[in-house]
Amino acid sequence: MSEIRVVADADVLAADLLVGGPAREALDHVRRHSWVDLVASDPLLSDAVAVITELADEQLASDWQRRIDEERTAVSHPEGDHPALASAYQSDAAHLLSFAEKLTSAAANRSLQSHMAVSIRTPDAFARLFDPASLYESVHEEGYPGPDRDPRA
Amino acid sequence: MRWERLFERASAYETTTDEIEQVLASQRNEKREDDE
């Protein structure tokens, strides 16, 4: 597992595929850097697959699942836990992306800080504030070498 | 499959973020009720 771990809730994963916009911009940052891990449990991916199946079609959902399976770092958590929060907790992720106001609000962030050191942001905020050079240099001794992957490959 | 190809196929559905949030919230509510 890499030093920098990011969790995207199922709404962000589905929006990355179906909508684009800030969700894709945010996850492009992750895809662009091999040292940033996208962490997701099976229940988290199942939620996203169910959304994609309902709003698009089963074949697209299935192809998406095969692709995301190649890239995600899997974690497990107790059944019934919120899949995104639990994925972040189990992986000690630094960032959790969600569109849900109940997760991204200042109050929610404050109340979770006593349990886990995760920053919960909307994809738009994450995309704006993501600073790869600063993050890279916080965990590596050498300077940031720039993106090392094609985010659309 | 390349991400680019997946994004091209998905663009045909013209989905909005609001629709995604509504569907996800509904699915999670149903699951919570089933668990209870």
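Here is a walk through this two-chain structure, from the overall build of each chain down to a few single residues.

First, some ground rules: this is a predicted model, where local features need pLDDT of at least 70, side-chain atom pairs count only at pLDDT 80 or more, and totals for chains, interfaces and linings use all residues. Residues are numbered from 1 along each chain as its sequence is written, while chains are lettered from A and ligands numbered from 1 in the order in which they are written.

Let's start with chain A. Its secondary structure comes to 9 helices and 5 strands; helices (H or I, at least four residues) and strands (E, at least two) are DSSP runs, numbered from the N terminus.

How much of chain A is buried? Buried residues make up 42% of its 153 residues. Here a residue is buried if 20 or more other C-beta atoms lie within 10 Å of its own, exposed if 12 or fewer, and partly exposed in between, with C-beta atoms placed from the backbone. The chain also folds back on itself a lot in terms of contacts: among those with a separation of 6 or more, 74% are between residues 24 or more positions apart. Two residues are in contact if their C-beta atoms, placed from the backbone, lie within 7 Å.

Now look for the strands. The 5 strands of chain A form an open sheet in the order β3-β2-β1-β4-β5, and the pairing is parallel. Two strands pair if DSSP finds at least two bridges between them. At the edges you'll find β3 (73-75) and β5 (119-121) of chain A, each pairing on one side only.

Which strands does β1(A) pair with? On one hand, 4 bridges join β1(A) to β2(A), and A:V6 has A:L38 in β2(A) as its bridge partner. On the other, 3 bridges join β1(A) to strand β4 (residues 95-97) of chain A, with A:V7 standing opposite A:L96 in β4(A). Of the 5 residues of strand β1 (residues 4-8) of chain A, 4 are buried, so the strand is largely enclosed by the rest of the structure. Further along the sheet, strand β2 (residues 36-41) of chain A is joined to β3(A) by 3 bridges, and there A:S41 stands opposite A:V75.

A:V6 and A:V7 turn up again in the largest nonpolar core, which has 50 residues; they are among those with the most contacts inside it, as are A:L18 and A:I52. A nonpolar core is a set of buried Ala, Val, Leu, Ile, Met, Phe, Trp, Tyr and Cys residues joined through C-beta atoms within 7 Å. Leaving aside neighbours within four places in sequence, the contacts of A:V7 include A:V39, A:A84 and A:L96.

A helix joins the packing too. The buried residues of helix α2 (residues 21-31) of chain A include A:P22, A:L27 and A:V30. The buried residues of α2(A) pack against β1, α1 (10-18), β2, β4 and α8 (123-129) of chain A.

What about chain B? It has 2 helices and 0 strands, and its C-alpha atoms fill a box of roughly 40 × 20 × 10 Å along the principal axes. Buried residues make up 22% of the 36 residues in chain B.

The two chains meet in a contact that takes 19 residues from chain B and 23 residues from chain A. On chain B's side, α1 (3-10) and α2 (17-35) each supply at least two residues, and α2(B) gives the most, with 8 residues.

Most residues other than glycine have a negative phi. Yet A:D92, in the loop between α5 and β4 of chain A, has a positive phi of about 55° although it is not a glycine. B:E14, in the loop between α1 and α2 of chain B, has one of about 45°. With 10 C-beta neighbours inside 10 Å, B:E14 counts as exposed, whereas A:D92 is partly exposed, with 13.
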